[in-house]
Amino acid sequence: MSFFGEKCARCGAKTRHEVDGKATCVACDNEMQLLVEAKGEDLHLCPVDGATMSKEIAHMIVVDRCPTCQGVWLDGGELERLKGGVEASALMAMASGFTVPFG
Ligand SMILES: [Zn+2]
Ligand SMILES: [Zn+2]
């Protein structure tokens, strides 16, 4: 690792943080830990088409994404976290990927 740090293997940000010998920025490290925790949770089925959704991290919260309709779903606790601290811009970015079962 150089004195000036290296590029995060995940997002390319400059960092001196390392995980398993790979340059990984602190934000990515945190996200990966969240993802590891999330993998231990039950997988949810898409309410729209019944496909098994995969866990993804978006803006430091765990979401379930449907591979079929690309819908994004939040667990209750995750929604609380969103309300608690994520900027509106992040919420808007999430909302653009939402499948909203209105009507
Ligand atoms: Zn990173
Ligand atoms: Zn779906």
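User: Is Val 36 buried or exposed?

Analyst: Val 36 is exposed, because 10 other C-beta atoms lie within 10 Å. The cut-offs are 20 or more such atoms for buried, 12 or fewer for exposed, and partly exposed in between, with C-beta atoms placed from the backbone. Keep in mind that this is a predicted model: local features need pLDDT of at least 70, side-chain atom pairs count only at pLDDT 80 or more, and totals for chains, interfaces and linings use all residues. Residues are numbered from 1 along each chain as its sequence is written, while chains are lettered from A and ligands numbered from 1 in the order in which they are written.

User: In which helix is Val 36 found?

Analyst: Val 36 belongs to helix α1. Helices (H or I, at least four residues) and strands (E, at least two) are DSSP runs, numbered from the N terminus.

User: How do I read the strand order of the sheet?

Analyst: Strands of a sheet pair through backbone hydrogen bonds, either parallel or antiparallel. Here, the open sheet has 3 strands in the order β5-β6-β7, with antiparallel pairing; two strands pair if DSSP finds at least two bridges between them. β5 (54-58) and β7 (72-73) are at the edges, each with a single partner strand, so one side of each has no neighbour in the sheet.

User: How many bridges join β5 to β6?

Analyst: There are 5, and β6 spans residues 61-65. Lys 55 sits opposite Asp 64 in β6. The hairpin of β5 and β6 has 2 residues between the strands, and His 59 in the turn has a positive phi of about 55°.
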